[in-house]
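Open the model in a viewer and keep the sequence panel beside it. The stops below are meant to be selected one after another.

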Amino acid sequence: MTAQQRPPRPARAEHPTHGAGQPAPGARYAWYAVLVVLGALVGVAGSLVQAAWFPAGLLLALLGSAAVFYGGRRATGNQLGVAAAGAGWLVAIVLLSFGRPEGDGLFGGGIGEMVFLLGGMAVAVMCATMTRLSRPAP
């Protein structure tokens with residue numbers, strides 16, 4: 001057979017673990033690591049802002065938390081993106097709430113801190129339990 005007589009090659013099949021609209025597994029793991037760090041950064045920033053500019057800072061902190069949780073959902077395409085960002089966020093919040101032995105602490109124990117903590121967790125749960133997102137067509 002000459003090169004002109006060969007039948008065309010069949011199209012490559014999609015990898016069974018990820019479809020055309022989903023990132024490769026290695027890229028997804030990198031997203032998880034980035035989301036843990038990003039969640040921790042948003043948790044630290046939200047802790048500082050919610051106490052400094054109450055009540056507008058509290059709203060800004062909750063919106064920032066919602067943005068990183070929803071962004072994690074969109075970036076990875078599953079609930080683990082929300083869990084990764086939420087884990088980083090929660091670890092940062094808990095570590096900041098401990099304070100130091102001298103009595104210095106970032107959280108003073110008021111209603112704003114509780115709303116930030118419980119509201120952020122509620123937003124994470126809402127983002128994690130959303131229905132499956134459709135991918136936009138190219």
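**Ground rules**

This is a predicted model, in which local features need pLDDT of at least 70 and side-chain atom pairs count only at pLDDT 80 or more, while totals for chains, interfaces and linings use all residues. Residues are numbered from 1 along each chain as its sequence is written, and side-chain values use heavy atoms, with hydrogens and water left out.

**Whole chain**

Show the cartoon: the protein has 4 helices and 0 strands, in the order α-α-α-α from the N terminus. Helices (H or I, at least four residues) and strands (E, at least two) are DSSP runs, numbered from the N terminus. Of the 138 residues, 30% count as buried. Buried means under 20% relative accessible area, exposed over 50%, and partly exposed in between, with a 1.4 Å probe and protein chains only.

Contact means heavy atoms within 4.5 Å. Among contacts with a separation of 6 or more, 73% are between residues 24 or more positions apart.

**H1 against H2**

Select helix H1 (25–52) and helix H2 (56–76). Their axes come within 9 Å and cross at roughly 175°. Axes are lines fitted to C-alpha atoms, for helices over the stretch in contact, and angles run from 0 to 180 degrees between N-to-C directions. H1 and H2 are therefore roughly antiparallel; angles over 145 degrees count as such, under 35 as roughly parallel, 65 to 115 as roughly perpendicular and the rest as oblique.

Show side chains at the contact. On H1, the residues include Arg28, Trp31, Tyr32, Leu35 and Gln50; on H2, they include Gly57, Leu58, Val68 and Thr76. By class, this contact has 11 nonpolar, 8 polar and 1 charged residues. Here Ala, Val, Leu, Ile, Met, Phe, Trp, Tyr, Cys and Pro count as nonpolar, Asp, Glu, Lys and Arg as charged, and the others, Gly among them, as polar.

Next, go to the loop between H1 and H2, where Pro55 is found. A cis peptide bond joins Phe54 and Pro55, with omega about 0°. Most peptide bonds are trans.

**H3 against H4**

Select helix H3 (79–98) and helix H4 (111–128). They pack at an angle of about 170°, with their axes 9 Å apart, and are therefore roughly antiparallel to each other. H3 brings Gln79, Val82, Trp89, Leu90 and Ile93 to the contact, and H4 brings residues including Phe116, Leu117, Met121 and Cys127. The residues of this contact divide into 10 nonpolar, 2 polar and no charged.

**The core**

Which residues have the most contacts inside the largest nonpolar core? Select Phe69, Trp89 and Phe116; the core has 18 residues. A nonpolar core is a set of buried Ala, Val, Leu, Ile, Met, Phe, Trp, Tyr and Cys residues joined through side-chain atoms within 4.5 Å. H1, H2, H3 and H4 each supply at least two residues of this core.

Center on Trp89. Not counting residues up to four places away in sequence, Trp89 touches Gly39, Ala40, Val42, Gly43, Ser65, Phe69, Phe116, Leu117, Gly120 and Met121.

**Single residues**

- Ala85 is in helix H3 and counts as buried, at 0% relative accessibility. With residues up to four places away in sequence left out, Ala85 touches Leu35, Gly39, Val68 and Phe69. The C-alpha atoms of Ala85 and Leu41, 44 residues apart along the chain, are separated by 9.8 Å.
- Ala33, in helix H1, is partly exposed at 46% relative accessibility. Its C-alpha is separated by 9.4 Å from that of Gly88, 55 residues apart along the chain.
- Val94 lies in helix H3 and is partly exposed at 35%.
- Ala45 is found in helix H1, partly exposed with a relative accessible area of 39%. Between Ala45 and Ile93, 48 residues apart along the chain, the C-alpha separation is 10.0 Å.
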